[in-house]
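Biologist: Before I rely on any of the labels attached to this model, I would like to hear the criterion behind each of them.

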Amino acid sequence: MTHGFRIAVAAAVVCCLGSAGCGPDAVPVQELSTSADAIAPASPIVVSPDDWPWWRGPTFNNVASDQSVPTTWNESQNVVWKTPIPGRGHGSPTVVGDRIFLCTADESQQRQLVLGLDRGTGEQLWETVVHSGGLPGRREMHPKSTHANCTAACDGSRVFVAFLNNEEITATALSTEGDIQWQTKLGHFGSKFGYAPSPCLFESLVIIAADNRGGGFLAAVHRESGEIVWRKARNNVDTYSSAIVTVVAGKPQLLISGDNKVASYDPWTGKELWDCPGTAEATCGTVVWKDNLVYGSGGYPEQQTLCVDAASGQPVWEDGVKCYEQSMLVAGDYLYAVTDDGIAMCWNADTGDRQWRHRLSGPISASPVLVGDLIFATNESGTTWVFRAAPERFEQVAKNQLGTESFASLSICGERIYARVASDAGGARQEFLYCIGDQE
């Protein structure tokens with residue numbers, strides 16, 4: 001292998017576990033392993049606190065560093081610009097420097113694309129076809145799903161995406177000008193409802209989750225070469241969460257929920273550190289954390305919110321509430337969430353005691369974002385509630401409407417809110433990217 005990788009190939013066969021959803025299309029996962037000191041260094045990740053460079057923002061927890069954004073908007077108020085987006089996708093906008101990057105797909109033309117837009121004006125600068133043909137059929141997709149669910153990740157010079165195409169997960173790196181720099185096939189994917197996870201950047205690596213009935217796995221590729229550094233088999237289960245890396249319990253841990261557990265891995269090698277039974281077989285949300293505690297929620301068919309000690313992997317508390325599609329949010333000493341059916345929740349993060357619950361309006365797929373002491377939560381109809389991150393009671397600050405459909409989580413940075421929504425006028429669906437800023 002290039003770049004000094006000393007990769008030992010372990011011909012590991014993933015056995016079918018009857019209760020784990022192993023289907024007839026399962027393909028054995030060939031595990032790859034390496035040591036941390038064998039990973040070649042890559043150029044530094046260069047992004048700003050004023051950027052939104054990947055899924056869940058600069059600190060991986062959906063907390064915006066900028067606290068100066070509008071709390072009220074509509075089609076004519078506080079809209080800096082509005083740009084039509086071709087095709088359909090659920091990924092959030094990735095904002096780095098003077099560019100915005102967005103994944104989308106045109107099912108009628110069988111194309112999966114990445115777009116580059118001007119951050120200041122919304123003008124589309126380029127469009128790169130990453131895959132042509134090979135999209136899963138509608139019977140292999142959830143009705144709400146798209147062929148472009150991931151949020152791109154950007155290290156300042158490259159844009160990383162992952163698509164399900166031709167029954168495989170393929171990772172692609174593009175330049176910020178839209179030129180494809182490398183593509184790597186990571187492994188087989190047997191689709192039930194489509195593919196959802198977004199790439200996670202950690203030092204020299206791009207880490208991608210691919211849980212599926214056809215042979216679940218986690219894989220890490222080198223940011224510069226696209227070489228697979230390690231690949232770890234997981235059970236053959238249809239679950240949809242993105243992996244995340246954070247420093248918790250004194251060390252970097254790669255965290256993911258789904259497959260009836262919350263699990264931790266060494267992000268350099270893919271070695272499992274611990275797993276804690278719970279949540280559900282299928283989850284979609286990304287885990288969150290506070291101090292030495294990690295929180296996951298799911299899902300289907302079970303429903304549970306679970307707190308785990310990140311040092312030992314032991315459960316701390318649980319609640320029979322599920323946040324299936326959305327990720328939760330930590331603000332201070334409290335855990336906040338919105339559920340699929342539109343209930344806002346607050347728990348004491350240390351004890352699991354419920355502080356309050358309040359009905360908004362569902363269904364909700366997007367994840368809430370914290371800006372200062374305010375939480376922004378958007379439902380599938382394009383309504384965004386702004387409410388206080390306060391444990392005493394639910395306190396609504398504003399309620400805003402854009403378009404008629406919204407699945408993507410907001411990206412908030414540099415005194416702007418970037419919202420991907422769709423409008424359905426006369427039966428003609430059209431996606432738009434809005435830039436919202438204070439115009440008063």
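This is a predicted model: local features need pLDDT of at least 70, side-chain atom pairs count only at pLDDT 80 or more; totals for chains, interfaces and linings use all residues.

Modeller: Residues are numbered from 1 along each chain as its sequence is written, and side-chain values use heavy atoms, with hydrogens and water left out.

Biologist: Why is Leu374 called buried?

Modeller: Buried means under 20% relative accessible area, exposed means over 50%, and partly exposed lies in between, with a 1.4 Å probe and protein chains only. Leu374 has 11% relative accessibility, so it counts as buried.

Biologist: Which residues are in contact with Leu374, leaving aside its neighbours within four places in sequence?

Modeller: Taking contact as heavy atoms within 4.5 Å, the partners of Leu374 are Thr71, Val369, Val386, Phe387, Arg388, Ala389 and Val397. Thr71 is 303 residues apart from Leu374 along the chain, and their C-alpha atoms are separated by 9.0 Å. Leu374 itself belongs to strand E30 (residues 374-378), a strand being a DSSP run of E with at least two residues, numbered from the N terminus.

Biologist: Why does Asp259 count as buried, and why is Ala249 called partly exposed?

Modeller: Asp259 is at 10% relative accessibility and therefore counts as buried, while Ala249, with a relative accessible area of 25%, is partly exposed. Asp259 has a positive phi of about 65° although it is not a glycine, and its place is in the loop between E18 and strand E19 (261-265). Ala249 also has a positive phi, near 55°, and is found in the loop between strand E17 (244-248) and strand E18 (251-257).

Biologist: What makes strands E34 and E35 a pair?

Modeller: Two strands pair if DSSP finds at least two bridges between them. Strand E34 (residues 416-425) and strand E35 (residues 428-436) have 9 bridges in the antiparallel sense, and in one of them Ile417 has Ile436 in E35 as its bridge partner. Both strands belong to an open antiparallel sheet of 4 strands in the order E4-E35-E34-E33, where strand E4 (79-85) and strand E33 (411-413) are the edge strands, since each pairs on one side only.

Biologist: Where are cis peptide bonds found, and what is omega there?

Modeller: One joins Gly298 and Gly299, with omega about 0°, and another joins Tyr300 and Pro301, with omega about -5°. Gly299 lies in the loop between strand E22 (293-298) and strand E23 (304-309), and Pro301 is found in the loop between E22 and E23.
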